[in-house]
Amino acid sequence: TTSILPGTVPWPEDFQRRYREEGYWADRTIASYIVEAAGKAPDACALVSGTTRLSYRELVDQMDAGAENLLALGLKAGDRVLVQLPNNWQFVVLTLACFRVGIIPVMTLPAHRRHELLYLAELSQATAIASADVIRDFDHRELAEEIASLMPSVQHVLISGATGDLDELLIDYHPDSTRAARLDAIAPHPDSPACFLLSGGTTGLSKLIVRTHNDYAYNVLATSRATGISSDSVYLGTLPASHNFPLACPGVLGALFFGGKSVMLPSPEPARAFATIAHEGVTVASAVPAVAQRWIDYAKENGSAQLESLEVLQVGGSRLADELAVRVRPDLGCTLQQVFGMAEGLINMTRLDDPDEIICTTQGRPVSPADEVRIVDADGNDLPDGEPGLILTRGPYTPRGYYLAEAHNTRAFTPEGWYSSGDIVVRRPDGYLVVHGREKDMINRGGEKISAEEIENLLYRIEAIDLAAAVSMPDATLGERLCIYVTLRPDASLTLEYVRETFAEIGIAAYKMPEKLVVVESLPLTKVGKIDKKALRDDVIGRL
Ligand code: J2J
């Protein structure tokens with residue numbers, strides 16, 4: 001048995017035994033796969049980020065130097081570090097250095113601001129924040145220092161960039177032939193947490209998802225298999241790499257596990273992405289549907305000659321319209337792979353050799369034979385194939401509970417450990433899943449998830465507001481955007497600008513800013529007296 005971090009929920013013993021016996025859990029650390037790849041081809045290019053190119057030998061040396069430097073600072077195995085970095089080599093090396101010695105990166109997004117980071121620092125009791133000096137004109141150093149000044153647990157602020165000292169920690173200035181052996185001797189237990197991912201947050205703020213080395217390494221291997229990753233693969237990451245999809249499905253880690261090359265771009269802007277694909281010979285890229293749409297539009301105007309090397313475009317994070325799905329092969333000249341995944345675990349993918357009908361109209365099937373999926377009605381009764389219902393899942397890379405969230409865990413998981421994502425799904429007789437909608441109270445803005453409850457709680461800080469409801473409104477480019485309905489206190493008035501200014505003062509990620517305000521006399525209620533969100537979603541369509 002292992003000493004488990006308090007607040008984490010292990011898989012039951014019988015499942016652990018089965019996942020080991022059947023080979024899903026290999027009892028290896030994530031770093032060990034990259035060390036292995038480096039042993040096979042040390043001079044191959046592992047990572048490209050701007051003008052920085054790292055061979056496997058250099059990547060592993062920097063990972064190891066970074067790991068020892070973090071320990072020398074006083075960080076210890078099991079410590080949590082908020083990581084807020086753009087897609088660059090520093091993100092990758094820092095994350096790997098943490099994995100190497102069991103320091104746990106908390107995968108925040110570059111868009112997060114004071115409100116989110118304070119909450120995440122508090123919940124995780126982080127001992128350090130690693131951030132950049134400036135990302136897209138925003139001073140992250142100032143923000144990181146503010147968090148540190150407010151959070152007693154935070155002892156270290158590590159800043160990447162010319163004026164900070166993080167990059168120095170991650171460069172191998174003192175080559176040392178005995179370092180790897182020293183680090184191997186203190187390698188984390190494979191059942192210990194590798195990282196904390198953030199949930200989409202259906203009830204208020206995000207929950208922390210504990211991913212162990214065993215489960216997350218398997219997540220990488222199983223998705224790599226479904227995406228055909230090999231040492232010839234060149235992966236392009238353009239979504240923020242702290243998201244599960246570009247990090248590990250198969251993502252940056254997939255390419256590195258197999259001796260391929262990972263290319264980091266800080267944005268999916270088509271001109272630069274296409275030029276990078278051509279220049280680096282990218283074979284696999286991932287996108288949310290809104291980005292796929294932009295790439296298709298760009299290719300229609302400029303041609304797709306730059307995409308010659310691109311074999312697979314993975315699309316997921318929100319529902320890809322069938323009409324857009326059929327454009328991928330003709331317009332981009334590559335195979336579409338639909339991905340219906342979640343940071344909580346279960347990943348479904350279409351397979352590269354599936355017929356077009358499956359690739360264009362389904363969201364794939366589970367990547368692992370050990371994934372268990374049930375489709376149930378509101379009372380938890382199993383439904384026959386073809387009928388839409390709530391999806392429940394368990395498996396070797398789907399954890400059994402969030403970090404320090406006992407009460408919430410009893411709602412999100414059944415007593416038998418099935419995770420309920422809140423998605424409404426049809427399972428076809430061939431096992432493929434089609435996402436029909438969702439029951440959870442969340443707005444999916446181009447793949448970024450916004451919890452309605454979190455927004456409503458923020459709105460109640462505004463004095464003029466009596467009642468508030470956050471709902472999605474349909475949008476041609478992003479799929480959904482955030483709309484708020486409010487009733488006001490007597491004689492009060494309110495503008496969208498005021499709401500947005502208030503949110504900005506609190507320090508909210510930009511993607512959570514309300515984009516439409518509707519002031520009403522009263523809000524429609526359901527039979528049980530709750531605000532009728534469906535009526536509001538229907539109502540807003542008439543106002544667009
Ligand atoms: C409809 N809804 C989808 C899809 C996710 C790969 C891909 C995506 C995520 C992700 C991920 C969808 N069609 N194809 O982690 O590794 C919605 C569902 C789901 C929620 C999970 C990965 N793909 N969704 O999006 O944790 O509602 O993970 O429950 O951010 O996104 O969100 P998240």
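Mentor: One definition before we start: two strands pair if DSSP finds at least two bridges between them. Also, this is a predicted model.

Trainee: OK. How many bridges join strand 24 to strand 25?
Mentor: There are 10 bridges, and the two strands run antiparallel. Strand 25 covers residues 479–488.

Trainee: Switching topic. How many residues has the largest nonpolar core?
Mentor: It has 126 residues. Leu253, Trp295 and Leu332 have the most contacts inside it. Helix 4 (residues 89–101) gives this core its largest share, 10 residues. Apart from that core lies another, of 25 residues, including Ile450 and Leu517.

Trainee: What is Trp295 in contact with?
Mentor: Leaving aside neighbours within four places in sequence, the contacts of Trp295 include Leu236, Pro268, Phe274, Leu313 and Leu332.

Trainee: Now Gln314. Buried or exposed?
Mentor: Buried. Gln314 has 0% relative accessibility, and buried means under 20%. Gln314 lies in strand 14 (residues 312–316). Not counting residues up to four places away in sequence, Gln314 touches Thr227, Tyr235, Gln337 and Met349, among others.

Trainee: Where is Arg113?
Mentor: Arg113 is in the loop between strand 4 (104–107) and helix 5 (114–124).

Trainee: What is the nearest side chain of opposite charge to Arg113?
Mentor: That is Glu116, 7.1 Å away. Arg113 is buried yet has no salt bridge. A salt bridge needs a side-chain nitrogen of Lys or Arg within 4 Å of a carboxyl oxygen of Asp or Glu. Beyond four places in sequence, Arg113 is in contact with residues including Phe138, His140 and Ile508.

Trainee: Met349 came up. How many residues of strand 16 are buried?
Mentor: 5 of its 5 residues are buried, and strand 16 covers residues 345–349. Strand 16 pairs with strand 15 (residues 335–342) in the antiparallel sense over 4 bridges. Those two strands form a hairpin with 2 residues between them. Gly341 has Ile347 in strand 16 as its bridge partner.

Trainee: What stands opposite Met349 in strand 17?
Mentor: Arg365. Strand 17 (residues 365–366) is joined to strand 16 by 2 bridges, and the two run antiparallel.

Trainee: Last one. How many bridges are there between strand 1 and strand 2?
Mentor: There are 4 bridges, in the antiparallel sense. Strand 1 is residues 45–49 and strand 2 is residues 52–55. Leu47 has Leu54 in strand 2 as its bridge partner. The hairpin has 2 residues between the strands, and Gly50 takes a positive phi near 60° there.

Methods: Residues are numbered from 1 along each chain as its sequence is written. This is a predicted model: local features need pLDDT of at least 70, side-chain atom pairs count only at pLDDT 80 or more; totals for chains, interfaces and linings use all residues. Side-chain values use heavy atoms; hydrogens and water are left out. A nonpolar core is a set of buried Ala, Val, Leu, Ile, Met, Phe, Trp, Tyr and Cys residues joined through side-chain atoms within 4.5 Å. Buried means under 20% relative accessible area, exposed over 50%, partly exposed in between (1.4 Å probe, protein chains only). Contact means heavy atoms within 4.5 Å. Lys and Arg count as positive and Asp and Glu as negative; His and the chain ends are not counted.
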